[in-house]
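Subject: Structure for you to look at

Hello,

Here is the structure I promised to pass on. Please open it first, then read my notes below.

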Amino acid sequence: QVQLVESGGGLVQPGGSLRLSCAASGSIFRINNLAWYRQAPGKQRELVASITLVGSTNYADSVKGRFTISKDNAKNTVYLQMNTLKPEDTAVYYCNADGLTTTFRTWSYWGQGTQVTVSS
């Protein structure tokens with residue numbers, strides 16, 4: 001089994017910054033892809049940013065130039081640095097990861113979600 005634990009959410013004023021973290025643990029042989037999604041009230045969950053095994057990144061147009069996804073392979077952790085936050089960034093942010101277990105089975109899991117609220 002694999003567990004994903006997120007941290008770093010909270011309340012921030014418009015224009016402020018937050019950094020989210022998501023640590024993976026368990027029977028991990030390899031992590032292939034890591035991603036951050038978000039879901040605002042009444043809206044569908046959407047992809048915010050992703051990073052592959054080799055470090056290729058992808059961003060939603062709405063966050064390009066403001067958010068940065070990165071990872072620490074030694075810690076099995078993915079980060080989302082969010083700068084110049086806007087009220088429309090308010091949502092529950094979810095971490096998603098997929099890979100192989102130590103017995104070479106594929107896996108894909110979601111974190112529990114962390115609330116980000118941008119408000120004055």
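**Strand E11 and its partners**

Glycine 10 has valine 116 in E11 as its bridge partner. That contact belongs to a pairing of strand E2 (residues 10-12) with E11, which run parallel and are joined by 3 bridges. Please keep in mind that this is a predicted model.

E11 also pairs with E9, in the antiparallel sense and over 3 bridges. Here alanine 91 stands opposite valine 116 in E11.

Which residues of strand E11 (residues 114-118) are on the covered face, and which on the uncovered one? Thr114, Val116 and Val118 make up the covered face. Gln115 and Thr117 make up the uncovered face.

**The four-stranded sheet**

Next, the open sheet. It has 4 strands in the order E1-E3-E8-E7, with antiparallel pairing. Strand E1 (2-7) and strand E7 (67-72) stand at the edges. Each has a single partner strand, so one side of each is left without a neighbour in the sheet. On average, neighbouring strands of this sheet are turned by 15° against each other, direction ignored.

Now the pairings inside the sheet. E3 pairs with strand E8 (residues 77-82) in the antiparallel sense, over 6 bridges. Leucine 18 stands opposite methionine 82 in E8. E7 and E8 are also antiparallel, again with 6 bridges. Phenylalanine 67 has methionine 82 in E8 as its bridge partner. The hairpin of E7 and E8 has 4 residues between the strands. In that hairpin, asparagine 76 takes a positive phi near 50°.

**Serine 21**

Is serine 21 buried or exposed? Serine 21 is buried, because its relative accessible area is 16% and the cut-off for buried is under 20%. Its place is in strand E3 (residues 18-26). Leaving out residues up to four places away in sequence, serine 21 touches Val5, Glu6, Ser7, Trp36, Thr77, Val78 and Tyr79.

**The disulfide**

How many disulfides are there? The count comes to 1 disulfide. This disulfide joins cysteine 22 to cysteine 95, with S to S at 2.2 Å. The link is left-handed, with -80° about the S-S bond. Cysteine 22 lies in strand E3 and cysteine 95 in strand E9, so the pair ties together parts that are 73 residues apart in sequence. Both cysteine 22 and cysteine 95 are buried.

**Aromatic pairs**

The structure holds 4 aromatic pairs. I describe two of them here, among them the pair of phenylalanine 29 and phenylalanine 104. Its geometry is edge-to-face, at 4.8 Å centre to centre and with 65° between the planes. Phenylalanine 29 is in strand E4 (residues 28-39). Phenylalanine 104 is in the loop between strand E9 (91-101) and strand E10 (106-110). The pair therefore ties together parts that are 75 residues apart in sequence. Phenylalanine 29 counts as partly exposed, at 45% relative accessibility. Phenylalanine 104 counts as exposed, at 56%.

Tyrosine 94 and tryptophan 110 form another aromatic pair, also edge-to-face. Their rings are 6.5 Å apart centre to centre, with 85° between the planes. Tyrosine 94 lies in strand E9 and tryptophan 110 in strand E10, so this pair ties together parts that are 16 residues apart in sequence. Tyrosine 94 is buried, with a relative accessible area of 15%. Tryptophan 110 is partly exposed, at 40% relative accessibility.

Tyr37, Tyr94 and Trp110 form one aromatic cluster. Where does the charged end of arginine 45 sit? The charged end is over the ring of tyrosine 94, 3.8 Å from its centre. Arginine 45 also lies over the face of tryptophan 110, at 4.6 Å from the ring centre.

Best wishes

Notes. Residues numbered from 1 in each chain as written. Predicted model: local features only at pLDDT ≥ 70, side-chain atom pairs only at ≥ 80, totals over all residues. Heavy atoms only, no water. Helix = DSSP H or I, 4+ residues; strand = E, 2+ residues; numbered from the N terminus. Buried < 20%, exposed > 50% of the residue type's maximum accessible area, 1.4 Å probe, protein only. Contact = heavy atoms within 4.5 Å. Pairing = 2+ DSSP bridges. Axes fitted to C-alpha atoms, helices over the stretch in contact; angles between N-to-C directions. Phe/Tyr/Trp six-rings, centres within 6.5 Å; stacked < 30°, edge-to-face > 60°. Lys NZ or Arg CZ within 6 Å of the ring centre and 35° of its normal. Disulfide = S-S within 2.5 Å.
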